[in-house]
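Please keep the sequence and the 3D view at hand while reading.

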Amino acid sequence: MTTGLAGLPPGVVEDVRERLARDGAALTPELVARALREQGRPVGDATVLAVHDALQRDVVGAGPLEPLLRLAGVTDVLVNGADQVWIDRGDGLEPTAVRFPDDDAVRRLAQRLASVGGRRLDDASPYVDLRLPDGTRFHAVLAPISRPGTVLSLRVPRRRAFTLEELVAAGSVGADGAALLATVVRRRLAFLVSGGTGTGKTTLLNALLSTVPPGERLVLVEDASELRPEHPHVVALEARPENIEGAGAVPLRALVRQALRMRPDRLVVGEVRGAEITDMLAAMNTGHEGGCGTIHANSAADVPSRVEGLAMAAGLGREAVHSQLASAVDLVVHLAREPSGRRRLAEIGVLRRRDDGLVEVSPAARFDGAGRLEPGEALDDLAALVEP
């Protein structure tokens, strides 16, 4: 006979769930045993506890995903409908043995997690993106909008930030790259950490911010709070979406402006992906040295065009975008993710202004798979920037 959740025959947990819901009773082992008896089910201690635990997981925490979220090294838990649950522990995606009884179970979990974050998730509003109270980033799209069923994505915050030394030990950054990046922070150079999704941008930025001298004040602005640098003076601002009534939104751009009034020694925008780029560039051009942030880009060379697109969409002209970018940002630190899933520092580029006024990123240092530094054409420019 095939078995379902918690090794039980199919339908047992659902039958007990419906019985308890009908009575409006609180979940206890005694009530589970009574519900099993009324349905003619076995009422051994092992069965009662298995059903109770299965239902408890369904109403507390992340349900059957909770054990996965607590696995050492897990950064992401992904659910593609009832029959596909994947995790990422830094070495690429791995399938798991976790299954849901059906898509309704996935949908219930998604709706419950959304309600924990104070958000609505139903057919009228079939997707949600929020941060759970424990810091986990949660995103969901309900079926039939998504296929093969309701899709969940959970990004797990690390309990503490990696240090640069730990990133070197893990092979994400070579010793030369770590020394160079530490100097960039110490010299208060402005930089953007670029890369694709899941390349470790936030992880590296956390490590770099942890090296900022303790006497400096870090003001972090994020759409969803993920940065947790090990630093004694951190103030974090988090954007807020509109509520069910369509009011109460606090956009990232407004928070960047507020951060400028909070005496930041380092202004950090956790992920630049909208109109806030104009305020960030303006801030870096008005005496706020050492500013930094992350940005999605396929390569370091693509960063100027990415910034251009974001800023022009916010109403800034092309010439003005490049003029501000040239004055505001010194370096681009680009990360890559290998086919094996390993994340690593790939390149450090210097921003240069061309004869036509547009900005380009010239490679100053490239790093191979072993973290060894390979000089680029702009290495002398980088050396001049980091010299004391």
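Pro 67 is found in helix H4, which covers residues 66-69; helices here are DSSP runs of H or I with at least four residues, strands are runs of E with at least two, and both are numbered from the N terminus. Pro 67 counts as partly exposed because its relative accessibility is 46%, where buried means under 20% relative accessible area, exposed over 50% and partly exposed in between, with a 1.4 Å probe and protein chains only. Between the C-alpha atoms of Pro 67 and Val 98, which lie 31 residues apart along the chain, the separation is 9.8 Å.

## Basis of the model

The model is predicted, so that local features need pLDDT of at least 70 and side-chain atom pairs count only at pLDDT 80 or more, while totals for chains, interfaces and linings use all residues. Residues are numbered from 1 along each chain as its sequence is written, and side-chain values use heavy atoms, with hydrogens and water left out.

## The protein as a whole

The protein has 13 helices and 15 strands, and 48% of its 388 residues count as buried. Among contacts (heavy atoms within 4.5 Å) between residues at least 6 apart in sequence, 52% join residues at least 24 apart.
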